Amino acid sequence: MKLKQLAEKYNAGLAASRVAVDLGWADPELLIGMSGYSICPKIYVAFGISGALQHLEGIKNAGTIISINTNRNAIIHTVCDYFLVHDAIDIIERLMYAHDWFNTPNADEIADFIKDIEFQAYSMSENALKRTSSYDKAH
């Protein structure tokens with residue numbers, strides 16, 4: 001499982017949504033949300049999480065929230081600090097490769113890395129959607 005490898009590489013914890021648990025992709029003890037755990041990491045990177053209200057409740061104390069999802073209208077995008085409209089698997093592979101560039105990655109380095117990817121990256125601030133990538137400007 002690539003996500004588990006990524007978490008190990010970055011010395012990060014792993015969490016899961018109800019859908020991932022119900023489909024058997026993740027163990028029930030990894031469930032985040034109203035029927036699972038609440039977490040408060042410095043950085044929470046959501047790969048393919050739509051943002052059900054129960055899950056959002058479980059991550060409300062997270063520091064920087066970064067979301068990667070192919071759905072531009074995913075609910076989680078309304079509460080995250082940064083989001084990228086792209087395939088989560090591709091970004092997982094890019095982060096695996098980029099790990100060697102970081103000494104001790106922090107939220108800003110990871111966010112900058114994601115924003116530098118030549119795709120549609122957005123930053124949520126003051127409830128306004130702001131484009132932060134050169135992709136839209138160049139194309």
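A residue counts as buried here when its relative accessible area is under 20%. By that cut-off, 40% of the 139 residues in this protein are buried. The model is a predicted one.

First, the overall layout. The protein has 6 helices and 5 strands. Along the sequence the order reads α-α-β-α-β-β-α-α-β-β-α. Of the contacts with a separation of 6 or more, 38% are between residues 24 or more positions apart.

Now to helix H4, which runs over residues 88-98. Which of its residues are buried? They are Ala88, Ile91, Ile92, Leu95, Met96 and Ala98. These residues sit on the same side of H4, because the arc they cover around the axis is only 165°. The N-terminal end of H4 is capped by aspartate 87. The distance there is 3.3 Å, from a side-chain oxygen of aspartate 87 to the backbone nitrogen of isoleucine 89.

H4 also packs against helix H1, residues 2-9. The angle between H1 and H4 is about 30°, and their axes are 10 Å apart. Angles under 35 degrees count as roughly parallel, so H1 and H4 are roughly parallel to each other. Their crossing is left-handed. From H1, the contact involves Lys2, Leu3, Gln5, Leu6 and Lys9. From H4, the residues are Ile89, Ile92, Glu93, Leu95 and Met96. Note that Ile92, Leu95 and Met96 were also in the list of buried residues of H4.

Phenylalanine 113 belongs to helix H5, residues 107-116. How far apart are phenylalanine 113 and leucine 95 in sequence and in space? The separation is 18 residues along the sequence and 8.5 Å from C-alpha to C-alpha. Phenylalanine 113 has a relative accessible area of 13%, so it is buried.

Last, serine 67, a residue of strand S2, which spans residues 64-69. Is serine 67 buried or exposed? Its relative accessibility is 0%, and therefore it counts as buried. The side chain of serine 67 makes a polar contact of 3.4 Å with the side chain of histidine 77. Setting aside neighbours within four places in sequence, serine 67 is in contact with Ala46, Ile49, Ile76, His77, Cys80, Tyr82, Phe83 and Leu84.

Notes. Residues numbered from 1 in each chain as written. Predicted model: local features only at pLDDT ≥ 70, side-chain atom pairs only at ≥ 80, totals over all residues. Heavy atoms only, no water. Buried < 20%, exposed > 50% of the residue type's maximum accessible area, 1.4 Å probe, protein only. Helix = DSSP H or I, 4+ residues; strand = E, 2+ residues; numbered from the N terminus. Arc of directions from axis to C-beta. Polar contact = N/O pair within 3.5 Å; in protein donor to acceptor, adjacent residues only side chain to side chain. Axes fitted to C-alpha atoms, helices over the stretch in contact; angles between N-to-C directions. Parallel < 35°, antiparallel > 145°, perpendicular 65-115°, else oblique. Left-handed = near helix turned anticlockwise from the far one by under 90°. Contact = heavy atoms within 4.5 Å.
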